[in-house]
Amino acid sequence: MNFQDYDIYFPHLQIGIKHLVNHISPFGFTIAFYGIIIGCGMLLGMLVASKEYVKCGYKADDIQDFALFVIILGVIGARIYYVIFEWDYYSQHLMEIPNIRQGGLAIYGGVLTAIATCIVFCKKKKLDFFPMADAGVLGLILGQAMGRWGNFFNAEAFGGYTNSLFAMRIKESIVNPSMINDNVAAHLQNIDGISYVQVHPTFLYESVWNLCVFFFLLWFSKRKKFKGQIFLLYLGLYGLGRFFIEGLRADSLMLFGTGIAVSQALSLVLVIVSIVLQYLFLKREKSEEKKE
């Protein structure tokens, strides 16, 4: 096998891509696959959420109106979140803050913005938050599962060195140097005169986890005990998977002045919040059943 023919290769699975293309250029205008994939994920997520919302007896127009707000604000929130935790760099490069074409979106920023937007939207429209949140997270987690493949085409969001079954080998020349931490650099491989990183494909782990969460939530939506349970399960299950996967990442954003990955800390908080609120809501439901 001539490894130098491959930009990305999975050595133990013996599959790979010889020439990784991450954009198209119609009429000379560059469109990144990352943006295309994110856009498709948003559209599919909106359709799924809308269908679920209608199935629960609500109007599709309400969630579609909400989607128009949350898509725009979610991107802004994802960018602000990223910039905050990379402020040492952006404080010296203020003009780069609006430039998302070079990357720099953090999904948790988008998720938190989406939740806040939903709360405000429902309050303004006099709608019940939890049914919209239950439907919305079904679309959100599906969109997240798709969106991670944008990281694949950008050769980013990977983990530290591994030689496990799913180890992914990437030409160092196509990797952003900022993605290569000490662990990855210490295990650089040179094959036929070409340098490679060999890492965990954490984008793949998270995509598969998110897809599993989506199907579970879809199944459980017909069995939920109270309004808002799908939303809370999303927080807990996504947070659980992200907590472990983030521990493998080579490019984690860190809490200020610590070696703690901010996404791991937030994931742990969301898992705890999910468990506590579900316990309290289920306890309330049982109490009301006894009264009847």
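Which residues is tyrosine 81 in contact with, leaving aside its neighbours within four places in sequence? In this predicted model, tyrosine 81 is in contact (heavy atoms within 4.5 Å) with Ala106, Tyr108, Gly109, Leu112, Leu253, Val262, Ser263 and Leu266. Local features need pLDDT of at least 70 and side-chain atom pairs count only at pLDDT 80 or more, while totals for chains, interfaces and linings use all residues. Residues are numbered from 1 along each chain as its sequence is written, and side-chain values use heavy atoms, with hydrogens and water left out.

Tyr81, together with Met132 and Tyr234, touches the most other members of the largest nonpolar core, which has 40 residues. Such a core is a set of buried Ala, Val, Leu, Ile, Met, Phe, Trp, Tyr and Cys residues joined through side-chain atoms within 4.5 Å; buried means under 20% relative accessible area, exposed over 50%, and partly exposed in between (1.4 Å probe, protein chains only). At least two residues of this core come from each of helix 1, helix 2 (60-85), helix 4 (107-125), helix 5, helix 7, helix 8 and helix 9 (262-291), and helix 5 gives the largest share, 8 residues. A second, separate core of 17 residues includes Phe10, Ala155, Phe158 and Val199.

Helices (H or I, at least four residues) and strands (E, at least two) are DSSP runs, numbered from the N terminus. The buried residues of helix 7, among them Phe203, Val213, Phe214 and Leu217, pack against helix 1 (33-55), helix 5 (129-153), strand 5 and helix 8 (229-246).

An open sheet of 5 strands has the order 2-1-5-7-6 with antiparallel pairing, where two strands pair if DSSP finds at least two bridges between them. Strand 2 (15-17) and strand 6 (189-191) are the edge strands, each pairing on one side only. Strand 1 (residues 8-10) pairs with strand 5 (residues 168-171) over 2 bridges, and arginine 169 is the bridge partner of tyrosine 9.

The structure holds 24 aromatic pairs. Rings of Phe, Tyr and Trp (its six-membered ring) pair if their centres lie within 6.5 Å; planes under 30 degrees apart count as stacked, over 60 as edge-to-face and the rest as tilted. Tyrosine 6 and tyrosine 9 form a tilted pair, 4.9 Å centre to centre with 55° between the planes. Tyrosine 9 is buried at 3% relative accessibility, and tyrosine 6 is buried at 14%. Phenylalanine 152 and phenylalanine 153 are edge-to-face, at 5.4 Å and 75°.
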